[in-house]
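Student: I want to learn how to read packing from coordinates. Can we work through a case together?

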Amino acid sequence: MKIIVGNKNYSSWSLRGWLAAKQSGLSFEEIVVPLFGENWEATKQGGEIRPSSGKVPILWDDDVVVWDSLAILEYLSDKVGRDRFWPKDDAARGMARSMVAEMHSSFAALRSECPMNVRKRFDGFEPSEACKDDILRILGLWAEARSRFGSGGPFLFGTFGAADIFFAPVVSRFISYQIAVPGFAASYMQALWEHEWMQAWISASESEEWAIEQYDTVS
């Protein structure tokens with residue numbers, strides 16, 4: 001099995017797919033392709049990322065190919081057992097699935113104004129009203145998940161799972177853009193940031209030589 005990801009510093013969807021692969025417990029090969037490099041147009045039209053039209057992450061499991069981070073997570077959960085990714089309790093699992101689906105499809109303002117940039121810290125960032133709404137919505141979801149289902153550990157539903165995988169890039173964004181958060185959120189963010197897999201991803205991102213100029217500045 002192998003997973004192809006983009007630049008670890010910038011590619012939020014790659015982080016989700018990679019964390020899902022780590023959570024599966026299966027061994028896999030990791031291939032990093034630099035997004036928007038000088039050979040990018042040729043790269044995305046051929047080889048192993050052609051099935052996704054150049055989108056990353058993309059997972060190969062022998063002759064099975066799966067792209068889109070949520071599809072990858074669901075494929076892996078089918079393969080190793082859903083309890084590895086999702087809460088066992090029906091109410092908790094229902095909320096976790098809803099949060100993951102909302103993260104997958106929503107929060108356009110936050111995505112647009114705060115591209116993931118693991119290495120950078122931006123001073124003086126002022127979010128738009130739409131971005132503030134996204135931030136408040138996310139904090140509200142985190143608060144409800146932690147208060148209702150988080151007693152078993154420091155993560156959204158106690159133990160690390162699908163919801164944490166999908167909100168991991170948001171934690172990175174909040175840190176990079178120095179978003180003010182309440183104490184419970186700061187504690188959650190610290191727990192996720194210090195997770196050994198996140199630390200491995202952060203270390204790799206800091207070692208990358210590639211830079212994408214439009215994501216290294218704040219307008």
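Student: Which residues does Asp164 touch, not counting residues up to four places away in sequence?

Tutor: This is a predicted model. In it, Asp164 touches Phe155, Leu156, Thr159, Tyr188 and Leu192, leaving aside residues up to four places away in sequence. Asp164 itself lies in helix H7.

Student: Is Asp164 buried or exposed, and what is the nearest side chain of opposite charge?

Tutor: Asp164 is buried, yet has no salt bridge. The nearest side chain of opposite charge is Arg146, 7.6 Å away. A salt bridge needs a side-chain nitrogen within 4 Å of a carboxyl oxygen.

Student: Which backbone nitrogen lies 3.0 Å from a polar atom of the Asp164 side chain?

Tutor: That of Gly161.

Student: Tyr188 and Leu192 were among the contacts of Asp164. Which residues of H8 are buried?

Tutor: First the general idea. An α-helix has 3.6 residues a turn, so residues three or four places apart point the same way. Now the case. In H8 the buried residues are Ala185, Tyr188, Met189, Ala191, Leu192 and Trp193. They pack against H6, H7 and H9.

Student: Which aromatic cluster includes Tyr188?

Tutor: Tyr188 forms one aromatic cluster with Trp142, Phe167 and Phe174.

Student: How is a pair of aromatic rings described?

Tutor: By the distance of the centres and the angle of the planes. A search of the whole structure finds eleven aromatic pairs. One of them is Phe122 with Tyr177, a stacked pair. The centres are 4.5 Å apart, with 15° between the planes. Planes under 30 degrees apart count as stacked.

Student: Which parts does the pair of Phe122 and Tyr177 tie together?

Tutor: Phe122 lies in the loop between H5 and H6, and Tyr177 in the loop between H7 and H8, so the pair ties together parts that are 55 residues apart in sequence. Phe122 counts as buried at 7% relative accessibility. Tyr177 is buried too, at 2%.

Student: What is the geometry of the pair formed by Phe160 and Trp197?

Tutor: Edge-to-face. The centres lie 5.7 Å apart, and the planes make an angle of 80°. Phe160 sits in the loop between H6 and H7 and Trp197 in helix H9, so this pair ties together parts 37 residues apart in sequence. Phe160 is buried, with a relative accessible area of 10%. Trp197 counts as buried at 18% relative accessibility.

Student: Which Arg residues lie over the face of a Trp?

Tutor: Arg16 lies over the face of Trp13, 4.2 Å from the ring centre. Arg97 lies over the face of Trp86, at 4.4 Å from the ring centre.

Methods
Residues numbered from 1 in each chain as written. Predicted model: local features only at pLDDT ≥ 70, side-chain atom pairs only at ≥ 80, totals over all residues. Heavy atoms only, no water. Phe/Tyr/Trp six-rings, centres within 6.5 Å; stacked < 30°, edge-to-face > 60°. Helix = DSSP H or I, 4+ residues; strand = E, 2+ residues; numbered from the N terminus. Buried < 20%, exposed > 50% of the residue type's maximum accessible area, 1.4 Å probe, protein only. Lys NZ or Arg CZ within 6 Å of the ring centre and 35° of its normal. Contact = heavy atoms within 4.5 Å. Lys, Arg positive; Asp, Glu negative; His and termini not counted. Polar contact = N/O pair within 3.5 Å; in protein donor to acceptor, adjacent residues only side chain to side chain.
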